[in-house]
Amino acid sequence: MRRAMILAAALSCGSAGAQEDSDRRFRLAVPEALVDSGLIDYLAPRFSLKTATQVVRVAPGAAADARFGAEGAVVFEGPERAWHLDTGDDPDAAAFADWLRSDIGRRTVESYEVAGRTPFSAETRPAKAETGPVPDGDASEGATLAKLHCGRCHVVDDADRMGAIGSTPSFSVLRTFPDWAERFAAFYALNPHPAFTQIDEVTAPFAAHQPSPIVPLEMTLDELDDIVAYVGAIPPADLGAPIEAR
């Protein structure tokens, strides 16, 4: 009798555990291009087998706990684009993202084959900085002006690497920003520049009680266009791949 009761209790616990596992699921919105690739149908059952979490695929416009799109972290690439996954606050969806970035998840992504080819890569690269609109200035003249005016604080090129303030970003680092052109074109309005910069016919003269703390930086808009044109020719700094949390 006692043995029968123990067996019944064990079966009951097993049933409860199975019921609890079956409740672990999340809705994943997948664009048509990614559906057609077959990758998600390859990944989902392997993730479910590993974690006992069901992936319920839904259309891009449907209510979802996670979605592939333009937001979120890049989890893999291919073909010819990076795929972002936004998991929001759902813990099961976050577990899926973590699995994709784990060693076994990365190997799973890269083991998927189509016609003998592996179209997806787990190696993700930082997005390329966009060039933005670049004025029609004289880049050669801009190089000279940049060293004269901006080289006081910034590393303009490798030749003056030791002649700037260490806490200020170099031109090549600033060049990695997507809005670099806008930043340079309006630099005189961005702190700390207003305190010591005068752009002819643009900025107001310094107030009598607030003179420039250093020798003023003075230039015309045409000279500023030359500098921005020069910066547009500088290769963005290679800052390496994004840091991955493991």
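Predicted model: local features only at pLDDT ≥ 70, side-chain atom pairs only at ≥ 80, totals over all residues.

The side chains of Arg 183 and Asp 179 form a salt bridge, with N and O 2.9 Å apart. Asp 179 is partly exposed too, at 32% relative accessibility. Side chains of opposite charge can pair when their charged atoms come close.

How many salt bridges does the structure hold? There are 5, and this tour stops at some of them.

Next stop: select Arg 57 and Asp 41. Their closest N and O atoms are 2.8 Å apart, and the two form a salt bridge. Colour by secondary structure here, and you'll see that this pair ties together distant parts of the chain: Arg 57 belongs to strand E2 (residues 54-58), while Asp 41 is in helix H3 (residues 39-51), 16 residues apart. Show the surface again: Arg 57 has 42% relative accessibility, so it counts as partly exposed.

For the last stop, pick Lys 147 and Asp 157. Here's another salt bridge, 2.9 Å from N to O. Lys 147 is in helix H6 (139-150), and Asp 157 lies in the loop between helix H6 and helix H7 (171-174); the two are 10 residues apart and link distant parts of the chain. As for the surface, Lys 147 is partly exposed, at 41% relative accessibility.

Definitions and conventions:
Residues numbered from 1 in each chain as written. Heavy atoms only, no water. Salt bridge = Lys/Arg side-chain N within 4 Å of Asp/Glu carboxyl O. Helix = DSSP H or I, 4+ residues; strand = E, 2+ residues; numbered from the N terminus. Buried < 20%, exposed > 50% of the residue type's maximum accessible area, 1.4 Å probe, protein only.
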